[in-house]
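Trainee: Could you walk me through this model before I set anything up with it? I'd like to go through the layout, then the confidence, then the details.
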Amino acid sequence: MLNKLLLMRRNLVLLLLCCLLITLPGCKKRETPPPSPRDVCTLITIDDLPTDQGSPFKEAKSSARSDGRFRVSQCFYTAMEFSKSVNLALVQKDPGQQNGRSPKDFWKEKFGRYSGETTEHAGDDKRSDGKEEKEESVRPKKIDGIGEQAFWVSNRFGGVLYVLKGEVFISIGLGGTDDEETKLKKSKVLAQKALERL
């Protein structure tokens, strides 16, 4: 009888231990996974793209990468004539990052020194001097009337429009043979549509 009692007691202890082991993992704090990033191609649709780009668009392909600080999501709108394609990028804080630099901090570092300039003064194509010359050869042109701040950065293909909204910013680059002013106008229209959908 004593052996039977000891055996029942041992089985009860084992049962309680098993129950405890099964329920303990459920007691720890559950971490909510970061929200999945939205598809950047929803910010500008193929139907939004300029019809006067000179070539119909055949597809929009999204991609994303993260460096631990920022998440850069891109949408490449491929035109039938490849050189007339359009690129949209959205830069936001990496969802897995708890603190550190935000895209707005990066924006201040990149464009902060040009923020107080008037549009006319910022458009001067004066070369930077000293070590900044390696960083950029043409001063960004401040663009008024879109987002919290916007800058046009000229390049050999025309330029790229950068627009800040809150803690994120977007960039838009258009291919094709249009002059820089036309590309800027088209970029502003697309940026406005993207900002409305952010």
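Trainee: In what order do the elements of the chain run from the N terminus on?

Mentor: From the N terminus on, the order is α-β-β-β-α-α-α-β-β-β-β-α, which gives the chain five helices and seven strands. Helices here are DSSP runs of H or I with at least four residues, and strands are runs of E with at least two, numbered from the N terminus. This is a predicted model, in which local features need pLDDT of at least 70 and side-chain atom pairs count only at pLDDT 80 or more, while totals for chains, interfaces and linings use all residues. Residues are numbered from 1 along each chain as its sequence is written, and side-chain values use heavy atoms, with hydrogens and water left out.

Trainee: OK, and where in the chain is confidence lowest and highest?

Mentor: Going by pLDDT, the predictor's confidence in each residue from 0 to 100, the lowest mean is 39, in α1, and the highest is 97, in strand β6 (residues 160-165). Over residues 2-36 the pLDDT is below 50, and beyond near neighbours in sequence this stretch has two contacts in the model, where a contact means heavy atoms within 4.5 Å. For the chain, the mean pLDDT is 77, with 70% of its residues reaching 70 or more.

Trainee: What about residues 118-136, how many contacts does the model have there?

Mentor: For residues 118-136 the model has 24 contacts beyond four places in sequence, although pLDDT stays under 50 over that stretch.

Trainee: Switching to the sheet, what is the strand order?

Mentor: The seven strands form an open sheet in the order β1-β2-β3-β7-β6-β5-β4, with antiparallel pairing; two strands count as paired if DSSP finds at least two bridges between them. Because β1 and β4 (141-142) stand at the edges with a single partner strand each, one side of each has no neighbour in the sheet.

Trainee: And what holds paired strands together in general?

Mentor: Strands of a sheet pair through backbone hydrogen bonds, either parallel or antiparallel.

Trainee: Which strands does helix α5 lie across?

Mentor: Helix α5 (residues 180-197) lies across β3 (86-93), β4, β5, β6 and β7 (168-174), and it runs at about 140° to β7. That angle is taken between N-to-C directions on a scale from 0 to 180 degrees, with axes fitted to C-alpha atoms, for helices over the stretch in contact.

Trainee: Back to the other end of the sheet, how do β1 and β2 pair?

Mentor: β1 and β2 pair in the antiparallel sense over nine bridges, and Ser62 stands opposite Cys75 in β2.

Trainee: Which residue forms a disulfide with Cys75?

Mentor: Cys75 forms a disulfide with Cys41, their sulfur atoms being 2.0 Å apart, and the rule used is a pair of cysteine sulfur atoms within 2.5 Å. The pair links distant parts of the chain, 34 residues apart, with Cys41 in the loop between α1 (2-27) and β1 (57-66) and Cys75 in strand β2. The link is right-handed, with 105° about the S-S bond.

Trainee: Are those two cysteines buried or exposed?

Mentor: Both Cys41 and Cys75 are buried, where buried means under 20% relative accessible area, exposed over 50% and partly exposed in between, with a 1.4 Å probe and protein chains only.

Trainee: Why does Ser73 count as buried?

Mentor: Ser73, which lies in strand β2 (residues 70-79), counts as buried because its relative accessibility is 2%. Not counting residues up to four places away in sequence, Ser73 touches Val40, Ser63, Ala64, Leu88, Ala89, Leu90 and Gln92.
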